[in-house]
Amino acid sequence: MSLMLASATRAKQTVATSESDPGSAPDILQRQKALVVLARCLCQVSPTDSPGVPWNAVWAEVAAAFCARGIEAAAWDQAHQSNSSAEGVQRWYRGKLRFLAAALSNTDNASMRDAALCGQISGSELVALGCDAFLSDVKLQQRKKDAAAAMSSVSVLTRFEFRDERLVCPACAASGARYTVLREPWAQTGQWAARTRKDLGKHVLAECAVCGERWQESGL
């Protein structure tokens, strides 16, 4: 059995031994898969890096599996605290873990990943962080500049007359938000602009009912 497969097996076993309610059989299967994905994203050492002395790889996989367990369990518990419906729980849980897996595997977040693996940041703390915490200073400043420009182009008295449960707040990960349409789901293109339309999806300005965060989203 390869080291990564052994690590994945250990990660799967953590769901069954979790102190929190693991959920139904489909829930457990989903959580097992999530643990494997998280462990792989957190593990940055391959057995081929040290063919003669594989202990570094072994330790890296064990640490990744242990760290993944804490993150996954915290996300599962928070999903139930933040949502009352089963559908909302699943959407929040999947969205949060997809985001964390991508963020922690990004080389820009190597220091945060190392802190998580060393236990300096707990799984609960990682789950509670907003997406801004994973951005570099340059990207964070650019995002603030873009947000300020977007807000200045929209009236303060904007009415958010619609609501869509598919919208997920980038700040607090709450599901469902009110929105107003900034651009209709079509654009005039080609020589015969008046007759040709291309489906682009709506471009909207959304507002979170939980934390008040505003953001723009396309393709709704």
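## Exercises on a predicted model

The protein averages a pLDDT (the predictor's confidence in each residue, from 0 to 100) of 76, and 70% of the residues score at least 70. This is a predicted model: local features need pLDDT of at least 70, side-chain atom pairs count only at pLDDT 80 or more, and totals for chains, interfaces and linings use all residues. Residues are numbered from 1 along each chain as its sequence is written, and side-chain values use heavy atoms, without hydrogens and water.

**Exercise 1.** Find where confidence is lowest and highest in the protein.

*Solution.* Start with the elements, which are DSSP runs numbered from the N terminus (helices: H or I, at least four residues; strands: E, at least two). Strand 4 (residues 197-198) has the lowest confidence, a mean of 46. Helix 6 (residues 123-128) has the highest, at 92. Next, take residues 187-198: pLDDT is below 50. This stretch has 11 contacts (heavy atoms within 4.5 Å) beyond near neighbours in sequence. Where pLDDT is low, the predicted coordinates should not be read in detail.

**Exercise 2.** Describe the aromatic pair of F99 and F134.

*Solution.* Rings of Phe, Tyr and Trp (its six-membered ring) pair if their centres lie within 6.5 Å; planes under 30 degrees apart are stacked, over 60 edge-to-face, the rest tilted. The count is 3 aromatic pairs. F99 and F134 are edge-to-face: 5.3 Å centre to centre, 90° between the planes. F99 lies in helix 4 (residues 86-105) and F134 in the loop between helix 6 and helix 7 (137-152), so the pair ties together parts 35 residues apart in sequence.
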